[in-house]
Amino acid sequence: MRSTKELFFRVNSARKTKSKNGLILSGRIQKGYLKTGQRVLFSCGLSNVECFVDLIWLNGKQVNECYAGKAAIVSVKSNVPFEDIKDLTNID
């Protein structure tokens, strides 16, 4: 069984997109990697929200994946509206 902490993305800033179910996040991957289409969990207060990585930008270029130690901008989408977002971890 894989640990849910294989990915840890420290969110520095988050802003909502025009869609209430989307967020643009900037931060640094502390552990693991992110890839487009990946299912992830956001900490929202005491609960978690499942979402999907929609787009990833690294150094101003759109990429399919990004690894630990890299600062990235990430677009995520969910089936539910986002509230206060803390950090990101993978769901698998």
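Author: Let's start with a term: two residues are in contact when heavy atoms of theirs lie within 4.5 Å. With that in hand, take Val-74. Setting aside neighbours within four places in sequence, Val-74 is in contact with Phe-9, Leu-23, Ile-24, Leu-25, Leu-34, Val-53 and Leu-55.

Before going further, a word on what you're looking at. This is a predicted model, where local features need pLDDT of at least 70 and side-chain atom pairs count only at pLDDT 80 or more, while totals for chains, interfaces and linings use all residues. Residues are numbered from 1 along each chain as its sequence is written, and side-chain values use heavy atoms, with hydrogens and water left out.

Now the core itself. A nonpolar core here is a set of buried Ala, Val, Leu, Ile, Met, Phe, Trp, Tyr and Cys residues joined through side-chain atoms within 4.5 Å; buried means under 20% relative accessible area, exposed over 50%, and partly exposed in between, using a 1.4 Å probe and protein chains only. The largest such core has 17 residues, and Val-74 is among those with the most contacts inside it, along with Phe-9, Leu-25, Leu-34, Val-53 and Val-76. Strands E1 (8-16), E2 (22-31), E4 (39-44), E5 (47-58) and E8 (71-78) each give two or more residues to this core. E5 supplies the largest share, four residues.

Those strands are part of a chain with zero helices and nine strands (DSSP runs numbered from the N terminus: helices are H or I with at least four residues, strands are E with at least two). Across the chain, buried residues make up 37% of the 92 residues. Of the contacts with a separation of 6 or more, 60% join residues 24 or more positions apart.

What about the cysteines? Cys-51 is buried at 0% relative accessible area, and Cys-66 is buried too, at 1%. Still, the structure holds zero disulfides, a disulfide being a pair of cysteine sulfur atoms within 2.5 Å.

Finally, the aromatics. The whole structure has one aromatic pair (ring centres of Phe, Tyr or Trp, the last by its six-membered ring, within 6.5 Å; planes under 30 degrees apart are stacked, over 60 edge-to-face, the rest tilted). Tyr-33 and Tyr-67 have ring centres 5.5 Å apart and planes at 35°, so the pair is tilted. Because Tyr-33 lies in strand E3 (residues 33-35) and Tyr-67 in strand E7 (residues 65-67), the pair ties together parts 34 residues apart in sequence. Tyr-33 is partly exposed at 35%, and Tyr-67 is partly exposed at 43%.
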